[in-house]
Amino acid sequence: MIGGLFIYNHKGEVLISRVYRDDIGRNAVDAFRVNVIHARQQVRSPVTNIARTSFFHVKRSNIWLAAVTKQNVNAAMVFEFLYKMCDVMTAYFGKISEENIKNNFVLIYELLDEILDFGYPQNSETGALKTFITQQGIKGQLQTKEEQSQITSQVTGQIGWRREGIKYRRNELFLDVLESVNLLMSPQGQVLSAHVSGRVVMKSYLSGMPECKFGMNDKIVIDKQGKGGATDDAGKSDLGGGSGKQSIAIDDCTFHQCVRLSKFDSERSISFIPPDGEYELMRYRTTKDIILPFRVIPLVREVGRTKLEVKVVIKSNFKPSLLAQKIEVRIPTPLNTSGVQVICMKGKAKYKASENAIVWKIKRMAGMKESQISAEIELLPTNDKKKWARPPISMNFEVPFAPSGLKVRYLKVFESKLNYSDHDVIKWVRYIGRSGIYETRC
Amino acid sequence: MQEWANQLCENRQFGSKMTDSKYFTTTKKGEIFELKAELNSDKKEKKKEAVKKVIASMTVGKDVSALFPDVVNCMQTDNLELKKLVYLYLMNYAKSQPDMAIMAVNTFVKDCEDPNPLIRALAVRTMGCIRVDKITEYLCEPLRKCLKDEDPYVRKTAAVCVAKLHDINAQLVEDQGFLDTLKDLISDSNPMVVANAVAALSEIAESHPNSNLLDLNPQTINKLLTALNECTEWGQIFILDCLANYTPRDDRESQSICERVTPRLSHANSAVVLSAVKVLMKFMEMLPKDLDYYGTLLKKLAPPLVTLLSAEPELQYVALRNINLIVQRRPEIMKHEMKVFFVKYNDPIYVKLEKLDIMIRLASQANIAQVLAELKEYATEVDVDFVRKAVRAIGRCAIKVEQSAERCVSTLLDLIQTKVNYVVQEAIVVIKDIFRKYPNKYESVIATLCENLDSLDEPEARAAMIWIVGEYAERIDNADELLESFLEGFHDESTQVQLQLLTAIVKLFLKKPTETQELVQQVLSLATQDSDNPDLRDRGYIYWRLLSTDPVAAKEVVLAEKPLISEETDLIEPTLLEELICHIGTLASVYHKPPSAFVEGSRGVQHKRLPGSAGSGESVDSPETTSTAGVSDAPPAVIPSQGDLLGDLLNLDLTPTTAGPPPPAPSSGMQLGGMDLLGGGLDSLLGGDLGGTPAIGAGFGAAPAALPASFSAPVSGGLDDLFDLGGGVGMPMGAYSPPKSVWLPAMKAKGLEISGTFARRAGVIQMEMTLTNKAMSVMTDFAIQFNRNSFGLSPAGPLQVLTPLSPNQSIEVALPLNTSGPVMKMDPLNNLQVAVKNNIDVFYFSCQYPISMLFVEDGKMERQIFLATWKDIPNDNESQFQIKDCHLSSDAASNKLQGSNIFTIAKRTVDGQDMLYQSMKLTNGIWVLAELRIQAGNPNYTISLKCRAAEVSQCVFQSYEAVLKN
């Protein structure tokens with residue numbers, strides 16, 4: 001198991017060091033600094049073995065977090081734990097920076113004592129931790145016996161992510177469907193690879209211990225229900241931009257630990273008691289029938305040895321009533337570019353010599369429109385035999401629909417002990433599609 | 001460190017209550033004194049502030065142990081925050097101040113009774129971290145109570161505490177019966193208690209490989225599976241990792257466990273997913289392949305594995321290393337997922353390299369076009385390692401998918417045209433392999449390759465190019481010129497290139513004998529007379545001999561048709577792969593090494609295996625496990641095993657041993673190979689005397705004598721050389737072996753007398769015995785058995801006494817031993833209890849083996865590691881001994897010790913005193929470090945030994961004495 005945990009600043013100075021196992025000596029702290037942080041070349045692996053000691057590290061801005069062990073630990077678990085630790089720290093004091101860590105070192109030691117025992121990760125849900133570890137010192141002196149046992153039963157309980165007795169005057173929940181659409185297209189417009197990776201993020205402000213059930217247009221569920229099946233649509237979700245697809249095929253999905261996985265496995269229903277506040281309910285991936293919001297048509301012509309003519313057309317491919325935002329097209333230029341002249345119909349375009357690219361920005365663009373840019377690139381003559389590799393043209397954008405076609409059908413809330421019903425809960429659903437790696441070869 | 005502390009001084013003014021950074025500012029001299037005063041202050045706030053400062057200093061590595069009594073005094077407080085800080089301090093310094101740590105015991109014991117469960121748990125958690133014997137004694141009672149506490153939070157903490165205590169004092173845990181209580185916790189009503197109990201038990205069980213601690217049976221498994229649905233993500237990992245150690249009784253049980261584990265594949269925590277994959281991969285072995293469920297399960301595995309690739313890069317890396325194993329074991333799982341392994345522009349380099357590896361493994365006729373297009377893109381990237389690997393991958397595709405070979409070759413030629421040095425070299429190396437795979441197909445490209453001869457500066461590329469020139473000498477007009485140009489700097493080349501050059505020129509000679517006689521003579525004399533490298537010399541003499549006796553035979557041998565190379569390379573050896581599959585998700589799967597290769601001591605050294613396949617009811621060794629891999633039935637080696645030796649001797653060593661002395665060849669095989677090769681021609685010369693190395697040497701030595709006059713090499717030189725060689729090989733410095741002593745007197749054993757000794761020969765521990773029959777009747781049916789012993793010594797085979805032992809007859813027996821037997825600590829450590837049986841009775845005796853038998857050949861530690869380890873081992877573990885009356889110089893001593901695998905790493909001379917730093921490694925992986933001090937003229941040596949397992953020191957010292965004095 002994890003033998004020790006160290007946090008360093010960018011210079012390699014130790015900010016936090018906590019040793020859990022006897023086989024890890026103080027010199028391990030230095031070994032990592034010398035061999036990894038101060039190493040000349042770029043880090044070639046997140047796992048480093050120095051003198052039979054293994055170091056796992058992750059970086060957050062310029063802070064290094066390292067876990068050390070001498071045993072054959074579960075490597076995936078160690079990394080998951082390091083990420084979790086970052087989450088917990090962020091939830092307590094915001095950004096992970098040298099200053100924040102120093103300002104909260106007592107708190108961090110306290111957390112480390114709680115979430116890792118003899119190197120074994122323990123309950124690390126912030127919701128639970130915050131009930132007894134606070135920045136104002138530890139609660140615990142003034143608590144009654146009931147409160148104490150409530151804390152311990154929550155920390156060790158089945159619903160470790162939520163505490164009892166939460167009350168809101170207004171029961172409200174927000175669902176964000178956030179997708180990133182990835183594309184690699186050939187110059188001729190053939191899709192080489194495309195996939196959507198999506199996340200459903202939920203912000204819940206609900207009283208008590210509500211039981212929730214989430215439904216979406218998952219092909220397997222819809223097919224099972226058949227056409228005449230009950231359709232309890234939430235009604236707010238008809239924002240999709242593409243054709244009115246009935247259902248989508250999900251390649252794979254993973255859930256927050258609050259979701260009952262065995263129930264999903266057997267009935268494919270997503271039921272859970274949500275944590276309070278914001279969390280990620282699920283992640284999913286689709287590869288079939290993706291709506292590609294933009295199509296890029298490149299045309300590159302070499303005129304002699306010292307000139308290139310580039311013309312790029314972009315076409316928006318969604319409902320005309322919707323608006324895409326923050327559109328950016330990045331057209332790479334050869335290293336020996338000496339001058340560029342650009343003409344674009346819409347937005348602004350600039351040649352950025354330091355980035356070897358023409359960057360074309362458009363603030364907004366409605367669906368089913370097209371726009372183009374043409375550029376003349378002058379080249380310095382070189383005797384470099386190596387041909388220019390022609391990196392792909394990449395795009396960034398944001399659209400108000402889910403490119404996968406996913407739709408939220410319902411999110412039902414039941415709380416039997418308190419007197420509010422599903423109808424009293426105010427629900428909001430929002431869809432945002434962003435570009436992931438969206439490239440067209442030219 | 002002071003720097004940032006100082007710089008923070010400035011922040012002091014706005015050091016509100018919330019900022020703790022100000023505590024890092026204590027750097028002035030006399031600070032300790034000031035802190036002392038503050039710690040003893042009456043004001044609570046001031047005390048707390050002072051303790052915070054102490055902790056801050058401790059973090060940055062300053063020694064604040066002097067404040068121990070003052071800090072401990074703050075322990076008795078109602079303030080939980082202050083208490084926690086004091087505990088933190090205690091955990092750090094208690095070990096260095098054991099006597100004072102006792103002061104804390106009372107408070108701990110009191111806290112364990114506190115009405116607040118948080119405080120009870122805190123006390124028991126901290127107490128377990130204080131590694132002071134006297135404190136652990138007091139820990140037992142509170143721990144016993146806490147294990148049965150009414151509050152689950154306390155119980156889950158106590159469960160882990162048992163593991164802590166076991167780490168400090170295993171015996172105590174057993175004596176106090178904590179293990180049983182821990183086992184009971186598996187049935188606890190609280191899932192988190194169950195999870196921690198499982199984690200603690202698994203860890204304890206690891207250090208007792210043969211105990212039946214984790215008594216996994218269908219009932220407990222059922223409990224674990226129930227808890228799995230309810231506990232935290234971490235608890236799920238502990239439980240799944242534990243489940244993976246279970247072997248179901250039959251395929252039905254296996255299936256039902258799989259069914260209950262599969263939902264975990266949708267967990268957001270990647271570690272849960274990977275551990276579930278491990279359980280499924282392992283239990284799947286037991287399912288019959290025709291079962292519907294088997295196919296369903298296979299289909300279910302791919303999506304979660306793909307999803308892992310959208311995790312953070314570090315986890316992607318762990319996932320990719322594991323997918324690499326899974327793909328080798330069950331290629332069908334990922335076969336349609338090629339695209340997800342395409343490299344993204346901003347993937348970190350470690351992710352890129354791993355993806356590339358998997359792409360090659362998944363390449364098939366169906367997807368080759370796409371793969372090639374990708375690889376071509378990668379070959380123009382920036383990172384040198386990545387580009388090289390991409391080029392190599394193109395070559396591998398050509399070999400794997402015949403239809404693509406032509407396209408691959410033309411892609412490679414395009415790349416060679418870029419003239420980027422490392423790309424060209426890498427391309428040439430892979431083109432050589434393509435030639436091997438498809439002979440006489442792509443030779444048209446040779447001309448292009450030859451153009452780049454000058455730019456090759458890496459041995460592997462040079463060797464590959466030379467091989468190509470030699471192999472196709474008849475089609476390259478200026479082959480002789482090309483090879484001659486390499487010959488000029490023969491001695492500066494690496495062994496790899498030298499060997500290749502020798503072979504290539506011999507080939508050339510056999511193809512174009514008329515023009516190249518001079519060249520071949522030159523290379524033969526360079527290889528045989530001017531070289532110190534035995535590999536090169538041997539190969540030189542073989543060719544020489546071959547050419548001189550029978551050129552026709554030489555042609556048949558040297559220009560023989562080469563065996564085809566296999567499609568898959570770099571496959572992990574099947575048994576290792578099986579073991580690694582059992583370790584999915586862990587460090588072993590990341591390193592692709594068994595845990596024993598990187599874990600010290602006994603922990604995790606037991607080898608795990610996959611269960612046998614279903615239905616067959618066969619033993620674990622069922623052939624299914626090795627061949628179902630479905631990868632390819634051919635052995636992964638480039639060269640098929642049959643004809644291995646021949647190939648190696650001639651020219652097929654595509655990956656020859658790197659420079660440096662070759663390992664002392666397992667001589668018999670080597671000699672026989674040589675014999676076969678040289679055939680009858682040598683018989684007369686050897687006069688039928690085939691035994692013993694010197695004779696072989698003579699055989700070789702005689703070869704030049706029979707050379708035709710045209711080979712006017714100085715014969716005697718060659719001869720001398722060979723005798724040198726023979727001598728060198730014939731008398732290796734063996735490990736010290738004590739003379740035989742009588743172990744079992746005839747009186748006690750109804751006439752059987754056994755005397756014996758132990759020896760280590762060529763890495764094998766042997767028990768050498770003389771059995772004498774002093775009785776009146778014939779003895780037969782000998783057998784031997786060992787009791788459990790400290791290092792797990794056990795006979796590697798039966799006792800070989802083939803003929804009955806008649807009265808008054810003696811027989812010499814050598815019994816090879818291995819160290820995989822059951823382990824039990826003996827007193828003395830090197831004691832061995834033996835039972836010998838014959839047709840008359842069973843007899844028992846015990847003997848002691850010199851521990852030096854257990855020193856393995858790779859016991860030489862690197863200097864840096866030695867230094868680090870020396871410092872790392874606590875001084876308590878150091879022991880000093882005197883070796884009296886020894887009259888060796890330090891060098892002689894060092895040589896002598898080396899024979900017994902005690903390696904000198906460094907030597908230092910201070911004031912006429914030589915200090916030798918030495919290391920040795922025991923068969924169970926324990927390292928022993930030594931410092932041997934030898935004063936010139938003083939027959940008494942001093943030796944200091946440091947080892948994590950201090951108890952071996954005494955035995956090691958005895959071995960030193962024995963080795964040095966004999």
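Two strands are said to pair if DSSP finds at least two bridges between them. Strands, together with helices, are DSSP runs numbered from the N terminus: a strand (E) has at least two residues and a helix (H or I) at least four. This is a predicted model, in which local features need pLDDT of at least 70 and side-chain atom pairs count only at pLDDT 80 or more, while totals for chains, interfaces and linings use all residues. Residues are numbered from 1 along each chain as its sequence is written, chains are lettered from A and ligands numbered from 1 in the order in which they are written, and side-chain values use heavy atoms, with hydrogens and water left out.

**Strand pairing around β18 of chain A**

- Strand β18(A) (residues 323-332) is joined to strand β23(A) (residues 393-399) by 4 bridges, and the two run antiparallel.
- Within this pairing, A:Val329 lies opposite A:Met395 of β23(A).
- β18(A) also pairs with strand β21(A) (residues 357-366), in the antiparallel sense and over 9 bridges.
- Here A:Arg330 has A:Val359 in β21(A) as its bridge partner.
- Strands of a sheet pair through backbone hydrogen bonds, either parallel or antiparallel.

**A sheet of three strands in chain A**

- The strand order β14-β12-β24 describes an open sheet of 3 strands with antiparallel pairing.
- Because β14(A) (270-272) and β24(A) (408-414) each have a single partner strand, they stand at the edges and one side of each is left without a neighbour in the sheet.
- Neighbouring strands are turned by 15° against each other on average, direction ignored; such angles are taken between axes, which are lines fitted to C-alpha atoms (for helices over the stretch in contact), and run from 0 to 180 degrees between N-to-C directions.
- Strand β12(A) (residues 211-216) is paired with β14(A) through 3 bridges, and A:Lys213 has A:Ser271 as its partner there.

- β4(A) (residues 53-60) and β5(A) (residues 63-69) run antiparallel and are joined by 7 bridges; in β5(A), A:Leu65 is the bridge partner of A:Val58.

**The interface of chains A and B**

- Chain A gives 97 residues and chain B 113 residues to the contact, where contact means heavy atoms within 4.5 Å.
- The area buried between the chains is about 8,900 Å², with 55% from carbon and sulfur atoms; buried area is the accessible area (1.4 Å probe) that two parts lose on being put together, summed over both.
- The rule finds 11 salt bridges across this interface, a salt bridge being a side-chain nitrogen of Lys or Arg within 4 Å of a carboxyl oxygen of Asp or Glu.
- The side chains of A:Asp113 and B:Arg125 form a salt bridge at 3.1 Å, N to O.

**Backbone details**

- Most residues other than glycine have a negative phi, and most peptide bonds are trans.
- A:Asp289, which is not a glycine, has a positive phi of about 50° and is found in the loop between β15 (277-286) and β16 (294-303) of chain A.
- B:Asp827 and B:Pro828 are joined by a cis peptide bond with omega about -10°, and B:Pro828 is in the loop between β6 (810-818) and β7 (831-837) of chain B.
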